[in-house]
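Have the sequence and the coordinates open as you read.

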Amino acid sequence: GDLASLGDVTGKRVLVRSDLNVPLDGTRITDDGRVRASVPTIRALAEAGARVVVVAHLGRPKGAPDAAFSLGPVAERLGELLGSPVAFATDTVGDSARSTVDALSDGGVAVLENVRFNPGETSKDDAERGAFADQLASLADAFVSDGFGVVHRKQASVYDVAQRLPHAMGQLVSTEIEVLRRLTESPERPYVVVLGGSKVSDKLGVIDNLLEKTDRLLIGGGMVFTFLAAQGHEVGASLLEKDQLDVCRAYLRRAEEAGVQILLPSDVVVDTAFPSGDRTPQPSVVPASEIPADAMGLDIGPEASRAFAGALADARTVFWNGPMGVFEVGAFADGTRAVAQALTQVDGLSVVGGGDSAAAVRTLGFDEDAFGHISTGGGASLEYLEGKTLPGITVLED
Ligand code: 3PG
């Protein structure tokens, strides 16, 4: 159920699993989107008088404390956004966690240190995970699942703890699920899916599940070169997943049979080296069928950008996941910018899938409100769209 299903939470200790996994540059948060998205549920519980205990992960530490992955800076940011101080425990289930939770007053908020500092969190062994979930559960009277970005993980703070406490779904998780449902259950047409990012192999499940359900599939980013190669083009020094060539050929065939249009870029922006260090980019635009042997494709070209925008113009439903190029470098950001711009014009539901594309629209300066929904989940939204069951959701329904 939703938060109301927990009944009166005044004075109760409520453990909230949030996804606070934000990109950091040292201790500076470079995109706080996930922290902001976590605020409504935390605030609602605090305002209802609960003692809120937030548990979350940051990065992929190796099951032991590691200062580089401390949630300290994130707890501080959360306090700024809430407009009230947030207590921080320097461990997850140890003495600091216990005393921090004990010191909370009604309406107070605490953040526990990175849950992945504990080997039990991500253990594949049910008993080990369960033992750690017991410790987490002992800190609270109820559990709220709000970390949408991790609901595809069968981990102690996402899955096992829900089996040990009265539980509810947070506002972020229910909003995200609602939007994704609209993308899979009778979406308004035309339905256009835009995929990018570096690897085809990350997107196979989504293409497989959505191909016949869409009207158009637009492909850019590093993954497009495997499709171009599958069509028989030379891709020079571009990214290429040779073991996926047959898979891409099969998708192109399936699309043709189903009357679904797969749109690949007609031109690309290339350079002779991947942008790195202080080397000045030397971009040039070439037809996608004439990529020189020493050139690497780093963005879709201007003609492709116009074609992609045109293919999005009459869409009523759009899902976009993955940048069109190396958008972090100005010379290779135009394709991603053009797609983002086109999404802001959509008369209908436009959804930006999480991770890189969500960070891209924010770092390129777009107003978040111009999109229908910006998901906080990368892997989680993809797995939902692949038709997989998400352990962190099913456990709430049982
Ligand atoms: C994400 O960044 O997609 C989520 O926070 C999940 O992180 P993970 O892939 O390390 O489990």
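The shell around the ligand has 1 nonpolar, 5 polar and 3 charged residues, where Ala, Val, Leu, Ile, Met, Phe, Trp, Tyr, Cys and Pro count as nonpolar, Asp, Glu, Lys and Arg as charged, and the others, Gly among them, as polar. Before going further, please note that this is a predicted model, in which local features need pLDDT of at least 70, side-chain atom pairs count only at pLDDT 80 or more, and totals for chains, interfaces and linings use all residues. Residues are numbered from 1 along each chain as its sequence is written.

Which residues surround the ligand? They are Asp-19, Asn-21, Arg-60, Gly-149, Val-150, Arg-153, Gly-355, Gly-378 and Gly-379; a residue is near a molecule if its C-beta atom, placed from the backbone, lies within 6 Å of it. Both domains take part, since at least three residues of the shell come from each of domain 1 (3–174) and domain 2 (186–385).

These two domains are how the chain is divided, with bounds that come from an automatic or database domain assignment. Their C-alpha centres lie 34 Å apart. The contact takes 12 residues from domain 1 and 11 residues from domain 2, two residues being in contact if their C-beta atoms, placed from the backbone, lie within 7 Å. On the domain 1 side, helix 1 (residues 33–47) gives the most, with 3 residues. By class, that side of domain 1 has 6 nonpolar, 3 polar and 3 charged residues.

Helix 1 also packs on helix 2 (residues 72–82). Helices (H or I, at least four residues) and strands (E, at least two) are DSSP runs, numbered from the N terminus. The table sets this pair beside another one; axes are lines fitted to C-alpha atoms, for helices over the stretch in contact, and angles run from 0 to 180 degrees between N-to-C directions.

| Helix pair | Axis separation | Crossing angle |
|---|---|---|
| Helix 1 and helix 2 | 10 Å | about 60° |
| Helix 10 and helix 11 | within 9 Å | roughly 15° |

Finally, what about the loop between helix 6 (171–184) and strand 9 (191–195)? Pro-190 lies there, joined to Arg-189 by a cis peptide bond with omega about -5°. Ser-186 has its place in this loop too, and its phi is near 35°, a positive value in a residue other than glycine.
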